[in-house]
Amino acid sequence: MTTPVNARRWTNWGLTHESVAEVLIPGSIDEVAAMVAGSAEAGRRVKLVGSGHSFTGIAVADDQRMLLHRLNQLISVDGPLVTVQAGMELSTLNMLLAQHGLAMPNLGDIDVQTVAGAISTATHGTGIKQATIASCVEAVTLVTASGQVERYDTGSPEFEAVRVGLGALGVIVDVTLRCVPAFTLLAVERPTPLPEILAGVQEWIDGNDHVEFFWYPYTEMAQLKINNRVPEDDRPLSRFRGWLDDEFLANTVFRLVNQIGQRFPGTVPTFNAIAARALSARTYTARSDRVFCGSRQVRFTEMEYEVPREALPEVLDALPRLIDTLPFKVQFPVEVRFTGPDETWLSHGYGRESAYIAVHQFLGTGYEPYFRGMEAICEPLGGRPHWGKMHFRTADDLRPAYPRFDDFLAVRDRLDPARVFTNEYLDRVLGK
């Protein structure tokens, strides 16, 4: 097969996947529709690619890669309902919302994803009164495999499939989000013994707006983070403290420590113990998105599993034993977050309160035994892997985890019967 003249090589952020594919760059919805219709007629595949922050192969194009970065504009603001084009990055969305006195009710810990990518993979933050970002979606405009432009909202039978569609149903071109009035968060962060966190975590989850913690392997220490809404932004971090904590220590120093640990694995437990105790406590206020989202410059591989909230102690009891058996050291802390239930069919949080456990490894360090072991712990508990994070599941064993799995497949069969939007990853997790 001859490589097209305009083919370009692509790699995702975590460098876990790459591909060479012909590139389509539409500048309007009509152009998206025409390109999709032409590809379908020619028997070709189209894969929409956002910012590449998924670690799985969900965005890998094996024929044509479509980029929507030209479709990145604000369309309308109607009270709390904000409609934007799907190629807009979350960082831009947050800025625009602040200008209109609005905010997203919850966000993950980075804001470089496109709106389409964030909702399609069920990106989430933490907060038991919140669900995934997709739960804020009120309507989606989708170009289907036939080149038709369709609008799906809360009255559409396909809506709960389209909100988290994994890129399998069509090309999302714009999204209407239900936002909230802009708010300030008070962030309280402090090193805390893990047994103390586990003893009080249920009360902390229920008694605060947003709770998460990071456990340092080979230690009994964790970093606890609690965020609550407050009326005034009266305790901002100094510019120096923000740079010191979030840029120098969290990125520059952390990268150096991981490079040393990668070369000399025996130093990792010592470094983890130092890091767990060296992180100083801090309390500050800031605009909500500036508390939720930070800078991630140190590259890594990641797996994240959702389990029912009540299953978290069992996972955290088994995880240290798994880590002790690995043929390499675990350099990154384990991140734990919480969300409430939602109704979107392929949302990890469908129908239940959730605990999310994310495990990472520094780029270039072994990870597969760690991630497979983590999956073996979580799957029997009803665990659901994050669609954008590494996992080894298939359609056969994912079906029991999602009560509406077959309903989603039925929508896929209607909207994309010829599988214009599939790829190897989607064939694995959804079937052909």
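**Reading strands and helices in a predicted model**

Tutor: In this predicted model, 4 strands make up an open sheet with mixed pairing, in the order E1-E2-E4-E3.

Student: Which strands are the edge strands of this sheet?

Tutor: Strand E1 (7–11) and strand E3 (46–49) are the edge strands, since each pairs on one side only. On average, neighbouring strands of this sheet are turned by 50 degrees against each other, direction ignored.

Student: How many bridges join E1 to strand E2?

Tutor: There are 5 bridges between E1 and strand E2 (residues 18–24), and the two run antiparallel.

Student: Where do the side chains of a regular strand point?

Tutor: In a regular strand they alternate between the two faces of the sheet. As for what lies across this sheet, find helix H1 (residues 29–41): H1 lies across E2, E3 and strand E4 (64–67). H1 runs at about 170 degrees to E4.

Student: Now strand E8. How many of its residues are buried?

Tutor: In strand E8 (residues 137–143), 6 of the 7 residues are buried, so E8 is largely enclosed by the rest of the structure.

Student: Which residue in E10 stands opposite leucine 142?

Tutor: Isoleucine 172 does. E8 is joined to strand E10 (residues 171–178) by 6 bridges, and these strands run antiparallel. E8 is also joined to strand E9 (residues 149–153), by 5 bridges, again antiparallel. There, valine 143 has valine 149 in E9 as its bridge partner.

Student: How many residues lie between E8 and E9 in their hairpin?

Tutor: The hairpin of E8 and E9 has 5 residues between the strands. In the turn, glycine 147 has a positive phi of about 85 degrees.

Student: What describes two packed helices?

Tutor: The angle between their axes and the distance between the axes. Here, helix H9 (residues 312–325) packs with helix H10 (residues 368–378) at an angle of about 150 degrees, the axes being 10 Å apart. An angle over 145 degrees counts as roughly antiparallel, which makes H9 roughly antiparallel to H10. The crossing of H9 past H10 is right-handed.

Student: Which residues meet in the contact of H9 with H10?

Tutor: From H9 come Val315, Ala318, Leu319, Leu322 and Ile323. They meet Pro369, Tyr370, Gly373, Met374, Ile377 and Cys378 in H10. By class, this contact of H9 with H10 has 10 nonpolar residues, 1 polar and no charged ones.

Conventions: Residues numbered from 1 in each chain as written. Predicted model: local features only at pLDDT ≥ 70, side-chain atom pairs only at ≥ 80, totals over all residues. Heavy atoms only, no water. Axes fitted to C-alpha atoms, helices over the stretch in contact; angles between N-to-C directions. Parallel < 35°, antiparallel > 145°, perpendicular 65-115°, else oblique. Left-handed = near helix turned anticlockwise from the far one by under 90°. Contact = heavy atoms within 4.5 Å. Nonpolar A, V, L, I, M, F, W, Y, C, P; charged D, E, K, R; others polar. Pairing = 2+ DSSP bridges. Buried < 20%, exposed > 50% of the residue type's maximum accessible area, 1.4 Å probe, protein only.
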